[in-house]
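I opened this notebook to keep a record of what I looked up, step by step, and I try to set down no more than I found.

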Amino acid sequence: MDGTPTWEARRERHKVKRDVATRHLKQDQYWTQIYLAKKQQKQTKRLSLINNPNVLLHTFTEVVPVSKEMADLKKRAEQVAAAYKNNNNKNLVLYSKQSGNGKTLLASCILAEVGKSPASAKTCMFVSTTQIKNLVNKKFDNTARQDDLYGVGDELDEFERNAGKVDLLVLDDLGTESSLKNGGVSSANQTISEKLFNIAEKREFKPTIITTNYTGDELKKIYNNKIIDRLMPTNAAQVLNFEDVPSYRKN
Ligand SMILES: Nc1ncnc2c1ncn2[C@@H]1O[C@H](COP(=O)(O)OP(=O)(O)O)[C@@H](O)[C@H]1O
Ligand SMILES: [Mg+2]
């Protein structure tokens, strides 16, 4: 023994070093993924127009398959989320006449799933349509008072710009911001229609998810045909019908 390590010992030491390096690399990659996912989630929160930020935190695991219909819809929503991560650009509608069936919940789950995937690196935005109305009202209130006019106009423009640009947009409760009178459908505020028109134009090749209590025909009466033609999917498989799902709140 002259103190020189044997070939076997050197090989063994090299292997240990390599294993440690590999482990560190894996740990780095793991933390990088988490960091990127958090960054994406923050960006979604910054872009979104929502009443309650919790809407961005839903996951498919919390969706209870209350009936066979809901179990199927959940499965379909998971497939759609996977397709969006793979650059599918088909629009999606979640429809039921009533509320409380889980349309908003499943739309949020899809958005959250796509928005936390660093591999797909998609920008996402969740918009409650009542919030668009708030922005519009605020703008006109302020125009009347000549107060902070530019600030609020900017907010509305920024909304339009972002909604046109993001990879995935959810328009939650489309149509509800227009008032429904005597059981009939009244047309939407002119400014909201203009904004939606511009957004729909810009999103020709990008997916938009709509949740709504209105049929396509009713939506066409609320907005103009062109907006709805652009935003509604052409394929029946992209329409998720919640009519037969029992209201979750009553369970
Ligand atoms: N299948 C379900 N599993 C768990 N929670 C549900 C389910 N369906 C609805 N909910 C909850 O019930 C409430 C109403 O659902 P929501 O998605 O807002 O209905 P909709 O948009 O159809 O009016 C929400 O708090 C939602 O999280
Ligand atoms: Mg809803």
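Predicted model: local features only at pLDDT ≥ 70, side-chain atom pairs only at ≥ 80, totals over all residues.

**Entry 1: helix α3.** I turned to α3 itself, which has 13 residues and reaches 18 Å from its first C-alpha to its last, close to the 18 Å expected at 1.5 Å a residue. How many of the residues of α3 are buried? I found that 12 of its 13 residues are, and I therefore wrote down that α3 is mostly covered, a residue being buried if 20 or more other C-beta atoms lie within 10 Å of its own. Among the buried residues of α3 are K103 and E113, as well as L106, I110 and L111. I also looked up what these buried residues pack against, and the list is α1 (7–47), α2, β1, β2 (124–128), β3 and β6 (208–212).

**Entry 2: helix α2.** Helix α2 runs over residues 68–85, has 18 residues and reaches 26 Å from its first C-alpha to its last, close to the 26 Å expected at 1.5 Å a residue. I found M70, L73, K74, A77, V80, A81 and Y84 buried in α2. Why do they lie on the same side of α2? They cover an arc of only 120° around the axis, which puts them on the same side of α2. I keep beside this the general rule that an α-helix has 3.6 residues a turn, so residues three or four places apart point the same way. The buried residues of α2 pack against β1 (92–95), α3, β3 (168–174) and β7 (239–241), while the face turned away from the buried side of α2 carries the exposed residues K68 and K75.

Entry 3: I looked at K68, which has its place in helix α2, and found it exposed, with 10 other C-beta atoms within 10 Å. From C-alpha to C-alpha, K68 and N91 are 24 Å apart in space and 23 residues apart in sequence. After α2 comes N87, whose phi is positive, near 75°. I placed N87 in the loop between α2 and β1, and with 10 C-beta neighbours inside 10 Å, N87 counts as exposed.

**Entry 4: helix α6.** I went on to α6, residues 190–202, which has 13 residues and reaches 19 Å from its first C-alpha to its last, close to the 18 Å expected at 1.5 Å a residue. The residues K195, L196, I199 and A200 are buried in α6. They cover an arc of only 130° around the axis, which puts them on the same side of α6. On the face of α6 turned away from this buried side I found the exposed residues Q190 and E201.

**Entry 5: ligand 1.** I looked up the surroundings of ligand 1 and found 16 residues, of which the closest are G102, K103, T104, L105 and Y248. Helix α3 gives the most to this shell, with 3 residues. By class, the shell around ligand 1 has 6 nonpolar, 7 polar and 3 charged residues.

Entry 6: Is D173 buried or exposed? I found D173 in strand β3, and D173 is buried, with 20 other C-beta atoms within 10 Å. The phi of D173 is positive, about 65°, although D173 is not a glycine. Finally I looked up E158, whose place is in helix α5, residues 149–165, and which counts as exposed with 12 C-beta neighbours inside 10 Å. E158 and L47 are 111 residues apart in sequence, and from C-alpha to C-alpha they are 9.3 Å apart in space.

Technical notes:
Residues numbered from 1 in each chain as written. Chains lettered and ligands numbered in written order. Near = placed C-beta within 6 Å. Helix = DSSP H or I, 4+ residues; strand = E, 2+ residues; numbered from the N terminus. Nonpolar A, V, L, I, M, F, W, Y, C, P; charged D, E, K, R; others polar. Expected span 1.5 Å × (residues − 1). Arc of directions from axis to C-beta. Contact = placed C-beta atoms within 7 Å.
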